[in-house]
Amino acid sequence: IFFISVGAGIDFGLIASVPGLILGMTVVVVAVKLGVLYAVGGIFRQPRAARDLTAFALAQVGEFAFVLFSVADQGRILPPDKTGPLVAVTALSMGLTPLMLLVHDKLAARCNQVRPEGRAADEIDEHDNPVIIAGYGRVGHIIGRLLGTQQVRCTVIDMDADQVELFRKLGLKVFYGDASREDLLHAAGAGQAKLFILAVDDEEKSLEIAETVRRHYPNLPIMARAAGRIHAYKLMQRGFTDVWRETLDSSLEMGIAALRRVGLGAYEARRAARRFRALDEATVRELVEVWGDEPKYIAAARQRIEILDRAVQGADGHGGPDSAWDTTNLAREVRGESP
């Protein structure tokens, strides 16, 4: 009721009588506050994107100014000819907020196309490769090299300029650019590609790229790398089912080696790992349905942990060691050595 009454009390006749003064005061206040917010963000080491958004979103005069000006007017601290223009400036600056956010979005889109150092995205000259790889870091470059050994041609896009230059020095063809841009995907031949491999390590950028590909190229299959279980949930909730957790295989291989070190046979260790993987993947796909509801998620996760433990422990049907198909022990037996 207070804000409605304040809004109803804005003197539009005053604004119409001195529009230059009111507009000039508004521009000055917004510009000063924009600069102060941007400077404060820099002091607290906010990322540039967050600093920009904070400054543009909060550059208007706060609504609490209405309260202060009302008190100043009623208490005769300031005369009406002073509080009137100040209330008008406050209201006008708040009305400019949507326009400020539109300006921010335009600037952010332009900054995404050109790096702060001034480097524009590369012009992609490969349009008919069957596979597009977004992200050529510790996961993407292994996938790309493996495909290359089988003569599968890939168009590789990465937005880390230093990494792109390094791979080029090594003789690998990598294009610099942001794969969340539809024009860049089109230039890379996404309309004709058979597979899109999403190997970007930044989770938010990964989701942005995945949604862009799905929106513009709905028939292009996507294999998505997930940094972990939570990232996998986010991808699956958006409808992406071919999701690969980057640490799962290496963790299982390390677990197999640990089981071998404590006495299990090679086949038994690998069979346990295969069983664990199948059940864990099923667990992720089941728990994604309740992820976000903590009580339900915790209850379901506890139940799945118990099921997984029992299933893996009972997979062999016995509790003793199993050295069947253990080539290491077989080789020792052939040599007459004790296993």
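This is a predicted model: local features need pLDDT of at least 70, side-chain atom pairs count only at pLDDT 80 or more; totals for chains, interfaces and linings use all residues.

**Entry 1: H3 and H4.** I started with H3, residues 19-43, and H4, residues 48-57. Their axes come within 8 Å and cross at roughly 150°. That makes H3 roughly antiparallel to H4, because angles over 145 degrees count that way. I also looked up the hand of this crossing, and it is right-handed.

Next I listed who touches whom. H3 brings Leu34, Leu37, Tyr38, Gly41 and Gly42, and they meet Arg48, Arg51, Asp52, Thr54, Ala55 and Phe56 in H4. Sorted by class, that contact has 5 nonpolar, 3 polar and 3 charged residues.

**Entry 2: H13 and H14.** Then I moved to H13 (residues 248-261) and H14 (residues 266-287). Here the axes come within 9 Å and cross at roughly 145°. H13 passes H14 in a right-handed crossing.

On the H13 side I found Leu248, Asp249, Leu252, Glu253, Ile256, Leu259 and Arg260. The H14 side has Ala266, Ala269, Arg270, Ala273, Phe276, Arg277, Asp280 and Glu281. What classes are in the contact of H13 with H14? I got 8 nonpolar, no polar and 7 charged residues.

A reminder to myself: an α-helix has 3.6 residues a turn, so residues three or four places apart point the same way.

**Entry 3: H12.** Last I checked which residues of H12 (residues 229-237) are buried, and they are His231, Ala232, Tyr233, Lys234, Leu235 and Met236. These buried residues pack against helix H11, strands S5 and S6, H14 and helix H15. After H12 comes Gly239, with a positive phi near 95°.

Definitions and conventions
Residues are numbered from 1 along each chain as its sequence is written. Side-chain values use heavy atoms; hydrogens and water are left out. Axes are lines fitted to C-alpha atoms, for helices over the stretch in contact, and angles run from 0 to 180 degrees between N-to-C directions. Helices (H or I, at least four residues) and strands (E, at least two) are DSSP runs, numbered from the N terminus. Angles under 35 degrees count as roughly parallel, over 145 as roughly antiparallel, 65 to 115 as roughly perpendicular and the rest as oblique. A crossing is left-handed if the near helix is turned anticlockwise from the far one by less than a right angle, and right-handed if clockwise. Contact means heavy atoms within 4.5 Å. Ala, Val, Leu, Ile, Met, Phe, Trp, Tyr, Cys and Pro count as nonpolar, Asp, Glu, Lys and Arg as charged, and the others, Gly among them, as polar. Buried means under 20% relative accessible area, exposed over 50%, partly exposed in between (1.4 Å probe, protein chains only).
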